[in-house]
Amino acid sequence: MEKCVKGRLLVVGAGAMGEAILSGILAAEILDPSQIIVVEPNHDKEILLRDRYGIEVISKLDYRSYGSNDICLFAVKPQIAHAVLAELAPRLNRTLFVSIAIGITIADYYQVLNESIPVVRVMPNMPIAVGEGVSLISYSENVSESQKTAVTQLFESAGRCEHIPEEWQSAGATISGSGPAYFSYVIDALITAGVGAGLPADLSKRLAAQTAVGVSKMILETGRSPREIMQATASPGGITEAALKTLDSEGVNQAIVAAFLASVDRAAELEDSFGEDQSESPLK
């Protein structure tokens with residue numbers, strides 16, 4: 001595959017999501033390991049990344065600056081984002097800036113970054129670690145088509161991409177970003193119920209997880225709606241109908257909607273709090 005990044009990829013922060021993206025990029029061979037520099041202050045993680053991927057890992061930002069052929073992947077926690085960004089900004093010169101930090105808007109970044117820097121806001125989700133992620137992507141106005149292509153290729157190396165207006169980010173992330181926790185909650189409940197009914201835990205886990213995979217593929221590949229699948233599965237007077245009636249009577253649908261709204265509200269709070277935490281950057 002043709003390399004989508006002509007220069008270097010600077011990854012600032014290599015937590016669970018940052019490493020998952022890095023792993024997908026390297027597995028797809030769209031970058032050479034020699035093109036990648038990771039800034040990771042945790043010493044044990046620094047050693048692990050270097051040994052696992054054969055890439056350059058440094059504990060803090062050094063003398064180097066980055067230009068228009070380079071990409072900076074910003075993958076730090078929102079609570080320290082402002083402090084890290086203030087240290088990083090002088091090293092970027094028209095460098096494509098790609099952030100996966102939740103709750104920070106493109107306008108927030110321009111409080112610190114020069115307006116000449118193209119900014120991309122991405123919300124990937126946890127299944128990106130196994131190549132089945134979905135990433136929501138929004139762009140500042142000065143991102144070129146070739147840069148959009150490069151970002152898309154980076155994140156499609158580990159799943160699907162959806163290009164959306166930035167105002168949809170919070171609601172979209174509440175589905176795809178928080179969604180793995182919702183579905184895991186249901187799968188965990190099914191495992192517990194199966195064990196309670198006498199099934200081995202590993203069998204209950206396989207049944208629940210594979211069923212979730214199968215239904216998801218049916219919805220995506222056949223065009224059938226969730227409601228159609230429910231109706232097709234629930235024979236009148238049968239066991240599935242009894243189960244669905246119980247879920248409705250217990251208010252499960254309403255509880256999921258309430259969870260969604262609570263998550264959207266929290267995302268709005270995070271967007272409003274950028275810069276309030278004056279924590280020192282761990283990369284110094």
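**Salt bridges and their labels**

Guide: Let us begin with a trio: salt bridges join Glu19, Lys45 and Arg52 into a network. Please keep in mind that this is a predicted model.

Visitor: How many salt bridges does a search of the whole structure find?

Guide: The search comes up with 12 salt bridges.

Visitor: What makes the contact between Glu46 and Arg50 a salt bridge?

Guide: The label needs a side-chain nitrogen of Lys or Arg within 4 Å of a carboxyl oxygen of Asp or Glu. For the side chains of Glu46 and Arg50 the N to O distance is 2.8 Å, so the pair meets the definition. In general, side chains of opposite charge can pair when their charged atoms come close.

Visitor: Why are Glu46 and Arg50 separated by about one helical turn?

Guide: Because they are four residues apart in helix 2. An α-helix has 3.6 residues a turn, so residues three or four places apart point the same way.

Visitor: Which residue forms a salt bridge with Arg64?

Guide: That is Asp62, with the closest N and O atoms 2.7 Å apart. Arg64 has a relative accessible area of 15%, and therefore Arg64 is called buried.

Visitor: How do you know that Arg121 and Glu166 form a salt bridge?

Guide: Their closest N and O atoms are 2.9 Å apart, and the cut-off is 4 Å, so the label applies. This pair links distant parts of the chain: Arg121 belongs to strand 6, while Glu166 sits in the loop between strand 8 (159–163) and helix 6, 45 residues apart. Arg121 is buried because its relative accessible area is 6%. Glu166, at 24%, is therefore partly exposed.

**Cores and covered parts**

Visitor: Which residues touch the most other members of the largest nonpolar core?

Guide: Val38, Val98 and Phe155 do, in a core of 35 residues. Among the elements that each supply at least two residues of this core are strand 1 (9–12), strand 4 (71–74) and helix 5 (145–156). Helix 1 gives the most, with six residues. In soluble globular proteins, nonpolar side chains tend to be buried together.

Visitor: What does Phe155 touch, leaving aside residues up to four places away in sequence?

Guide: The partners of Phe155 include Ile21, Leu73, Val98, Val122 and Cys161.

Visitor: What makes helix 6 mostly covered?

Guide: Six of its eight residues, within 169–176, are buried. Those six are Gln169, Ser170, Gly172, Ala173, Thr174 and Ser176. The buried residues of helix 6 pack against strand 6, strand 7 (133–139), helix 7 (179–196) and helix 11 (252–272).

Visitor: Why are Cys72 and Cys161 called buried?

Guide: Cys72 has 1% relative accessibility, so Cys72 counts as buried. Cys161 has 13%, so Cys161 counts as buried too. As for disulfides, which need cysteine sulfur atoms within 2.5 Å, the count comes to zero.

**On the surface**

Visitor: Which residues form a nonpolar patch on the surface?

Guide: Leu247, Val252 and Ile256 do, and together they have about 230 Å² of accessible area. Leu247 lies in helix 10 (residues 239–249). Leu247 is at 42% relative accessibility, so Leu247 counts as partly exposed.

Visitor: Where is Ser65 found?

Guide: Ser65 is in the loop between strand 3 (56–58) and strand 4. At 49% relative accessibility, Ser65 counts as partly exposed, because the label exposed needs over 50%. Leaving out residues up to four places away in sequence, Ser65 touches Arg8 and Arg91.

Visitor: And the chain as a whole: how many helices and strands does the secondary structure come to?

Guide: The protein chain has 11 helices and eight strands. Of its 284 residues, 40% count as buried.

Technical notes. Residues are numbered from 1 along each chain as its sequence is written. This is a predicted model: local features need pLDDT of at least 70, side-chain atom pairs count only at pLDDT 80 or more; totals for chains, interfaces and linings use all residues. Side-chain values use heavy atoms; hydrogens and water are left out. Patches are made of residues with over 30% relative accessible area and no salt bridge: like charges are joined within 9 Å, nonpolar side chains (Val, Leu, Ile, Met, Phe, Trp, Tyr) within 5 Å. Accessible areas come from the Shrake-Rupley method with a 1.4 Å probe; for residues, only the protein chains shown count as cover. Buried means under 20% relative accessible area, exposed over 50%, partly exposed in between (1.4 Å probe, protein chains only). A nonpolar core is a set of buried Ala, Val, Leu, Ile, Met, Phe, Trp, Tyr and Cys residues joined through side-chain atoms within 4.5 Å. Contact means heavy atoms within 4.5 Å.
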